Amino acid sequence: MDAALIWEWIIKSVVILLVMTGGFAYVTLYERRVLARMQVRIGPNRVGWQGLLQPVADGIKLIFKEELTPVGADRLIFILAPVITVIPALIVTAVVPWGTEVNLFGRIVPLRLADINVAVLYILSVTSISVYGITLAGWSSNNKYAMLGGLRATAQMISYELALGMAFVGPILWTGSMSLGDIVSAQKNLWFVVIMPLGFIIYVIASLAEVNRSPFDMPEAEQELTAGYHTEYSGMKFALFFMAEYIKMIGVSMIGATLFLGGYQGPFVDAYPWLGPIYLFIKVALWLFFMIWVRATLPRFRYDRLMAFGWKVLLPLSLLYIVVTAVLRLLVGG
Amino acid sequence: MLNDYLPIIILLVLATVLGFLVLIIGALFGPRRPTQRKAAPYESGMIPYGPGTRRISVRYYLVAVLFILFDIETVFFLPWAVVFRQLGWFALIEMLVFIGILLIGFVYVWKKGALEWE
């Protein structure tokens, strides 16, 4: 282990953090523009060319906002909760490969931060941790809306995590490895979405619920809970919650694209390794567009139906999907 | 072995630094003029009534307990999926037995009404 390797990791980590925070800023703009177009509006287009400086303006505005702590709040937990929420969101994509290997200044650099052999397990455990921040935020605010929102978010996220975890089983089963690098390589000729469409659908639904996106945005149902678990948060603490939410959106899109849509695979990627991150970026952008589209189209679920759907439909369906995939794997052989 | 996880630890440390940095930036630049009204918990403009944290419906505990049960089952699926190709039909039948036992418990929970919300 030499110093150059550690510097390589540090630089890659900084790149991931910059891409994620920059991505967060521009996903908010992307969402507002696309939603506006779907509702026959124009959306923010005044700050900079096509509104491209809008996220910067929003950020500067939030920096200079007053931060309030409600009376009776558990101060330490209240301050720590946004950080606890944002850290898992930032590190969950550490195991996703961005491409093969490139030659950078005479050094062979693999386009990934870490290729651990239990990558899928890592993703599952990090997503579990992100529930804590939301629960603690709701509980420490000393606010009824926040507490109800936090509780609802917790129950919803853990219920849909089951289906999410089972959706991961299909690609592992087909590849025989939990490493995302191996899973992507196995999709060189055929994307897993073709082999296991049911798993793909389960993943899409469960991941929407996992990041609290519409139509499963119960934890922050404006009409009944004002803003859910982050009702009492303002200024940069509020920004941290928003950052966590949008980075998680990018994260589930990246992981989903890697598991089912071939990740960085695409035409000519072997000859030109720099195409890998570009293909991944295109897939993630399309996936995010789909999430925004769903938000513009579908009304919100009722809470009891949401829980019933997760436990009574999605869970049996995931078990069925695992059995079907296993039988298919044996019939295909290999 | 540790070499594989070191980059993740580096990312974790940097992410923690970033999180606290954002908090500090907000605390440094924001104004701080609290009043009694501003600091009161938000309750749609009404004067807050009673404590903010109250008793939690037992349904949430039930969901949490069921989640732990089924999440452990999910964890069993993952290593099974990794070695599935080497074991072949034997692994499939064994997992069918496992899913069968799981389903008996699931049907019991369903019939008991633990999955009903109110």
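Trainee: How many helices and strands does chain B have?

Mentor: Chain B has 5 helices and 0 strands, where helices (H or I, at least four residues) and strands (E, at least two) are DSSP runs, numbered from the N terminus. Before going on, note that this is a predicted model, in which local features need pLDDT of at least 70 and side-chain atom pairs count only at pLDDT 80 or more, while totals for chains, interfaces and linings use all residues. Residues are numbered from 1 along each chain as its sequence is written, and chains are lettered from A and ligands numbered from 1 in the order in which they are written.

Trainee: And how much of chain B is buried?

Mentor: Of its 118 residues, 19% count as buried, meaning that 20 or more other C-beta atoms, placed from the backbone, lie within 10 Å of the residue's own.

Trainee: Switching to chain A, is helix 10 mostly covered or uncovered?

Mentor: Helix 10 of chain A is mostly covered, with 24 of its 26 residues buried, and just after this helix Gly262(A) takes a positive phi of about 85 degrees.

Trainee: How many residues does each chain give to the contact?

Mentor: Chain A gives 70 residues and chain B gives 58, counting two residues as in contact if their C-beta atoms, placed from the backbone, lie within 7 Å.

Trainee: Which elements of chain A are involved there?

Mentor: Those giving two or more residues to the side that touches chain B include helix 1 (3-38), helix 5 (144-175) and helix 10 of chain A.

Key
A residue is buried if 20 or more other C-beta atoms lie within 10 Å of its own, exposed if 12 or fewer, and partly exposed in between; C-beta atoms are placed from the backbone.
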